[in-house]
Amino acid sequence: GLVIERGHMTFVSDAGTLFRFAERPVKPHSKALVTELPTGCGRRDTKAARDSESLAHDPVSGGFWIGLESRNAICRMDHPDARAAVELSPSQMKNWPKTGGPEAMTRLKDGRFLIIAEQDRNVKAVTSPMLLFDGDPTQSGARAMRLRYQPPPGFLPVDAAQLPDGRILVLNRRFALPFSFTVRLTAIDPDDFKPYARVSGTLIARFEPPIAHDNFEAIAIEDSPDGPIIWILSDDNFLFIQRTLLLKFRLSD
């Protein structure tokens, strides 16, 4: 997961580690934060218990939300170096697959939360479960609208972020043998969010040979006077044939 806010970049890895540093350090040796997820955000004895796949942020309160895939849970911490967190497994997510849970999550500007499963329990399904929470998903009374997300054929959703104009960019990944990853970036319109609707996106970009491509799993959007800045981040899975890449783009009209 990746969030860009107030001049800082915050990452969470699928091994349960949180990283935070200045986007543009003013000193050669600026301080950075590297820490385990706090108590209450998954057990620390296994990687599966802390399989963190998504990250959302509220710029007003400063809070962060983390999606835990293997347990279909969401945890909330009030600030990046918090020592304790609140965790909840929403009932609407209990039937999501353990290896395809809350892979994509973003907090919308109106306070709602959009969460997309990486895949359906039925691996042959061409859509993924999607939930639109009316507020903080770690609150027991939070209500959620059920929808379906239609990714490009052969791809699975892995992260999402909202543009200043309200549209939501969804990062979609495909793995193919012998060993390659390609990515499609699509934009979905919140006006299409209706109960049980099937929502598909407009293609924005492709990442495939000869363009840089890898296991991109995180996306963040930074607003700027010259237009939205798109950041995407890859996961190397601790494999020498993959890379951890952070790419930066400006979205043209």
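Pro 210 sits in the loop between strand E17 (202–207) and strand E18 (216–222), strands being DSSP runs (E, at least two residues) that, like helices (H or I, at least four residues), are numbered from the N terminus. The peptide bond that joins Pro 209 to Pro 210 is cis, with omega near 5°. A further cis peptide bond runs from Leu 177 to Pro 178, with omega near 10°; Pro 178 belongs to the loop between strand E14 (168–176) and strand E15 (180–188).

Residues are numbered from 1 along each chain as its sequence is written. In this predicted model, local features need pLDDT of at least 70 and side-chain atom pairs count only at pLDDT 80 or more, while totals for chains, interfaces and linings use all residues; side-chain values use heavy atoms, without hydrogens and water.

Positive phi values also occur in loops. Arg 6, not a glycine, has phi of about 50° and lies between E1 and E2. Arg 6 counts as exposed because its relative accessibility is 60% (buried is under 20% relative accessible area, exposed over 50%, partly exposed in between, with a 1.4 Å probe and protein chains only). Tyr 196 has phi near 65°, in the loop between E15 and strand E16 (198–200), and is exposed at 66% relative accessible area.

The chain has 0 helices and 20 strands.

| Pocket | Volume | Lining by class |
|---|---|---|
| Largest | about 560 Å³ | 14 nonpolar, 4 polar, 8 charged residues |

A pocket is an open set of points on a 1 Å grid over the protein atoms alone, where a 1.4 Å probe fits, with protein on both sides within 12 Å along at least five of seven lines; lining residues have an atom within 4 Å of a point. Volume is the space filled by probe spheres set on the points, which are joined across faces, edges and corners. Ala, Val, Leu, Ile, Met, Phe, Trp, Tyr, Cys and Pro count as nonpolar, Asp, Glu, Lys and Arg as charged, and the others as polar.

The largest pocket has a volume of about 560 Å³. Among its 26 lining residues, Ile 4, His 57, Lys 109, Gln 162 and Ile 221 are the closest to its centre.
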